[in-house]
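Subject: Structure handover

Hello,

Here is the structure we spoke about. My notes on pockets, helix packing and backbone follow below it.

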Amino acid sequence: MILRMISPWLSQLSTTANGMTQAFLDLLFPPLCLSCGTVVGTNGALCPRCWQNVSFIAPPLCHGCGMPFEIPMNDKELCPDCKDKPHIFASARASFLYDTKSRKIVLGFKHGDQTHAAQALASWIYHAGEPYWREADIIAPVPLHRWRLLKRRYNQSALLAKALSNLAKKPVCMQTLVRTRATDSQGHRTRKQRQENVAGAFAVQKKYQTKIQNACVVLIDDVMTTGATLDECARTLISSGAKKVYALTLARTNSRM
């Protein structure tokens, strides 16, 4: 009886204490813009100038790869690249274009230990992937090879996948896919070279074989360029029994290479 009476008071006290702790931490370590480092109101935010400089992707888009069109198009229209070389994944979407203005955001998160940004960045991806959540059964990150994970200490795609799981209310299977061999960096490679670099580089862990049977899997990665890595992951999942694979990334380049 006494515990029931004081429970709301204890809850309010805890909330107040947490708020005071956060205010104290913000005073000592003020939240900074993810791009330029200017002090902002909340963690994981951009200052107004950097927000305006980011090229967020909006329709009209290629129905397949999510490449933005420069002129109005039908919702189901495919870009020339997707017509010529269809992807293995059903379709892909990204939050913003990867360019000189957004590069700091991506690299700061990927290589600069800005892991606190995962929640805010995931919210952008969540909105970009809005058409997928009704069908989605599982969220799965593109894996790093164990040696690269050891060097970097975290998988940025896994952090985004975990945050997206909370937003979309969908289960995340962190180790559905494993990278079976260390691959070289995809940077400065052609589409064909990228495909060859990741060919056969992924596998589905046996303990997840049952979970992906006839499942719609949403793959999460940081940046999409040609889609070679996402295609190879999708190929691996579908060959292991997945029904459909969608791809979501934080950013994408505006070049098909």
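Which helices and strands each supply at least two residues of the lining of the largest pocket? They are helix H4 (103-110), helix H6 (146-152), H7, helix H8 (191-198), strand S5 (216-224) and helix H9 (228-239). Helices (H or I, at least four residues) and strands (E, at least two) are DSSP runs, numbered from the N terminus.

Before the rest, the ground rules. This is a predicted model, with residues numbered from 1 along each chain as its sequence is written. Local features need pLDDT of at least 70, side-chain atom pairs count only at pLDDT 80 or more, and totals for chains, interfaces and linings use all residues, while side-chain values use heavy atoms, without hydrogens and water.

Pockets

The largest pocket holds about 860 Å³ of space. Its lining has 35 residues, and Lys 110, Ser 185, Gln 186, Gly 187 and Arg 194 lie nearest its centre. By class, the lining has twelve nonpolar, 14 polar and nine charged residues. (Ala, Val, Leu, Ile, Met, Phe, Trp, Tyr, Cys and Pro count as nonpolar, Asp, Glu, Lys and Arg as charged, the others, Gly among them, as polar.)

The second largest pocket has a volume of about 500 Å³. It is lined by 23 residues, with Pro 59, Leu 61, Arg 93, Ala 128 and Pro 131 closest to its centre. Strand S1 (91-97) and H5 are the elements that give two or more residues to this lining. The classes here are 14 nonpolar, seven polar and two charged.

A pocket is an open set of points on a 1 Å grid over the protein atoms alone, where a 1.4 Å probe fits, with protein on both sides within 12 Å along at least five of seven lines; lining residues have an atom within 4 Å of a point. Points are joined across faces, edges and corners, and a volume is the space filled by probe spheres set on them.

Helix packing

H5 (residues 118-128) packs on H7 (residues 156-168) at about 60°, axes 8 Å apart. Axes are lines fitted to C-alpha atoms, for helices over the stretch in contact, and angles run from 0 to 180 degrees between N-to-C directions. The contact (heavy atoms within 4.5 Å) includes Leu 121 and Ile 125 of H5, and Leu 160 and Leu 164 of H7. It has eleven nonpolar, two polar and no charged residues.

H8 and H9 pack at about 40°, axes 9 Å apart. Arg 194, Gln 195 and Val 198 of H8 meet Ala 228, Thr 229 and Glu 232 of H9.

Backbone

Most residues other than glycine have a negative phi, and most peptide bonds are trans. The bond from Pro 59 to Pro 60 is cis, with omega near 5°. Pro 60 sits in the loop between helix H2 (48-53) and helix H3 (80-84). Lys 169 has a positive phi, near 60°. Lys 169 is in the loop between H7 and strand S3 (177-179).

Best wishes
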